[in-house]
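I'll jot things down as I go.

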Amino acid sequence: MASRKTKRKNFIQIAALLVAVVIVVVISVVFQNWWNNRPEPEPETVSLTASSPAGEIEVFPYSICEPGVECEENDVPTLAVGADEELRLSIPETVHDHDWYLLTIYDDPAANDEIYHTSYEATEATIPGSVDPLAEGGERPRLVVVEVTSVMIGTDDNGEETPYTTTWSLATVEQ
C-alpha cells in the first residue's frame, strides 16, 4: 500500500513539473514572438538629445523622406556652444541599433567631417565647438551645424512599412 501512495505521489510531482515546464516554454515563445514583432516608433517621433554647457534640448527630425522623393524640411533648432566647449549628442537605441552617420559642418568647409557608425558602435557623439586651424596662423573653424542621418522603417499613407531617410539637424550659435 505504501508503494502505491509513493508511486502516485511521484506521478503527481512529475506531472506538475511537466505542466510547469510547458507553461514556461509557452510564455517564453509568446514573449519572444511579441518582442520580435513589436512595432518600432515612427521616424517623426524619434528624438536625439543635444547638450552643451548652455543647456539641453530634444532634437526631432529635420527631414524625413522615402528614397527618391524630395524631402520636406522642418525648422532647425539651435543650441549655444562655445569655441572651447563640446556638444554632446545622445543617440536613442532606435537609431543606433542600425547604421547611422554624423556630419559636422564648420565655418571653414575644409574642417567638415562625416563619421559612419555601424549598429551598436556608438550611443553618443561628442563634437568640439571648434577644431585646430588647417592653415598656420588661421582662425579656429567653429561648429555651425551637426546632422545625424539614418534609414528608419516607418508607415506610409497606405499603412505599408517603408524605409525613410531620416535626418536630425542642429545649428549652433556662439555664446
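Before anything else, I need the rule for a salt bridge: a side-chain nitrogen of Lys or Arg lies within 4 Å of a carboxyl oxygen of Asp or Glu. I also note that this is a predicted model.

**Entry: salt bridges**

How many salt bridges does the structure hold? I find three. The background idea is that side chains of opposite charge can pair when their charged atoms come close.

I started with Glu86 and Arg88, which form a salt bridge with their closest N and O atoms 3.5 Å apart. That pair makes the list because 3.5 Å is within the 4 Å limit. Then I checked how open the two partners are. Glu86 has 37% relative accessibility, so I wrote it down as partly exposed. Arg88 gets that label as well, at 41%.

Next I went to Asp132 and Arg140, whose side chains meet in a salt bridge at 2.8 Å, N to O. Asp132 is exposed, with a relative accessible area of 56%, while Arg140 is partly exposed at 40%.

My last pair was Arg142 and Glu174, with 3.4 Å from N to O. This one links distant parts of the chain, 32 residues apart. I found Arg142 in the loop between strand E9 (124–128) and strand E10 (143–155). Glu174 sits in the segment after strand E11 (161–173).

Is Arg142 buried or exposed? I get buried, because its relative accessible area is 14% and the cut-off for buried is under 20%.

**Entry: a patch of charge**

Which residues gather in a patch of negative charge on the surface? I listed Glu40, Glu93, Glu160 and Glu161. Glu161 has a relative accessible area of 68%, so I marked it as exposed.

**Entry: cysteines**

I searched the whole structure for disulfides and found one. It joins Cys65 to Cys71, with 1.8 Å from S to S. I count the pair as a disulfide because 1.8 Å is within the 2.5 Å limit for the sulfur atoms.

Then I looked up how covered each cysteine is. Cys65 counts as buried, at 8% relative accessibility, whereas Cys71 is partly exposed, with a relative accessible area of 30%.

Terms used
Residues numbered from 1 in each chain as written. Predicted model: local features only at pLDDT ≥ 70, side-chain atom pairs only at ≥ 80, totals over all residues. Heavy atoms only, no water. Buried < 20%, exposed > 50% of the residue type's maximum accessible area, 1.4 Å probe, protein only. Helix = DSSP H or I, 4+ residues; strand = E, 2+ residues; numbered from the N terminus. Patch = residues over 30% accessible without salt bridge, like charges linked within 9 Å, V, L, I, M, F, W, Y side chains within 5 Å. Areas by Shrake-Rupley, 256 points an atom, 1.4 Å probe, with all protein chains shown as cover. Lys, Arg positive; Asp, Glu negative; His and termini not counted. Charge placed at Lys NZ, Arg CZ, Asp CG, Glu CD.
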